[in-house]
Amino acid sequence: MVYVIRKEHFNAAHRLFNPAWSEEKNQEVFGLCANNNWHGHNFELIVTVKGKPDVDTGFVFDLKQLGDIIKKEIIDKVDHKNLNLDVPYLTGILPSTENLIIKIWEILEAPIAEAGGTLAKLRLEETENNFVEYFG
């Protein structure tokens with residue numbers, strides 16, 4: 001099995017805040033991430049597709065095509081957006097990096113499969129020190 005990887009970048013703001021909790025509890029749990037005026041990140045999304053190289057092309061998956069799928073399905077919808085307010089598929093969901101990566105998987109899995117690939121892993125870097133990985 002060979003794994004091919006594509007990295008894309010987006011900027012977005014969000015607020016970690018549970019409306020069922022008091023302001024004090026939100027501050028205690030989420031700290032600065034519960035800021036009333038939001039906070040932002042320079043996210044790195046790393047998408048891994050697995051498979052065997054095609055006999056004719058030598059590709060597991062065309063990385064330009066993968067980039068196009070990621071940009072159309074994800075980047076164009078989240079870049080320079082407020083994840084709490086501007087992204088319909090996050091409505092009613094606390095936009096933690098963990099919840100965001102699950103939604104990204106749900107969105108990318110089908111178009112990648114339709115193009116002949118198998119999504120293997122996602123990595124979403126919120127900062128250089130904080131990131132999540134998801135395997136579906």
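Tutor: A residue is called buried when its relative accessible area is under 20%, exposed when it is over 50%, and partly exposed in between, using a 1.4 Å probe and protein chains only. By that rule the buried residues of α2 are L66, G67, I69, I70, E73, I74, I75 and V78. This is a predicted model, in which local features need pLDDT of at least 70 and side-chain atom pairs count only at pLDDT 80 or more, while totals for chains, interfaces and linings use all residues. Residues are numbered from 1 along each chain as its sequence is written, and side-chain values use heavy atoms, with hydrogens and water left out.

Student: What makes up the cover over the buried residues of α2?

Tutor: That cover includes β1, β2, β3 (81-82) and α3, where a contact means heavy atoms within 4.5 Å. The element names refer to DSSP runs numbered from the N terminus, helices being H or I with at least four residues and strands E with at least two. On that basis the protein has three helices and five strands, which run β-α-β-α-β-α-β-β from the N terminus on.

Student: Where does α3 bend, and what follows within four residues?

Tutor: α3 bends by about 30° at L108, and the proline P111 follows within four residues. Its 18 residues reach 26 Å, close to the 26 Å expected. The buried residues of α3, among them L100, L108 and I112, pack against β1, β2, α2, β4 and β5 (131-134), and just after the helix G116 takes a positive phi of about 95°.

Student: Why is the pair of F10 and F43 called stacked?

Tutor: Rings of Phe, Tyr and Trp (its six-membered ring) pair if their centres lie within 6.5 Å, and planes under 30 degrees apart count as stacked, over 60 as edge-to-face and the rest as tilted. By this rule there are three aromatic pairs; F10 and F43 lie 4.8 Å centre to centre with 15° between the planes, and the pair is therefore stacked. F10 belongs to strand β1 and F43 to strand β2, so the pair ties together parts that are 33 residues apart in sequence. Both F10 and F43 are buried.

Student: What makes W21 and F30 a stacked pair as well?

Tutor: Their ring centres are 5.8 Å apart and their planes lie at 20°, so this pair is also stacked. F30 has a relative accessible area of 19% and is therefore buried, whereas W21, at 29%, is partly exposed.

Student: Which residues have the most contacts inside the largest nonpolar core?

Tutor: A nonpolar core is a set of buried Ala, Val, Leu, Ile, Met, Phe, Trp, Tyr and Cys residues joined through side-chain atoms within 4.5 Å. The largest one here has 29 residues, and F10, V47, L100, L108, I112 and L124 have the most contacts inside it. Two or more residues come from each of β1 (2-14), β2 (39-51), α2 (63-78), α3 (97-114) and β4 (118-125). F10 itself touches residues including F43, I75, L100 and L124.

How values were computed:
The expected span of a helix is 1.5 Å times one less than its number of residues. The bend at a residue is the angle between axes fitted to the seven residues ending there and the seven starting there. Lists of a residue's contacts leave out its neighbours within four places in sequence.
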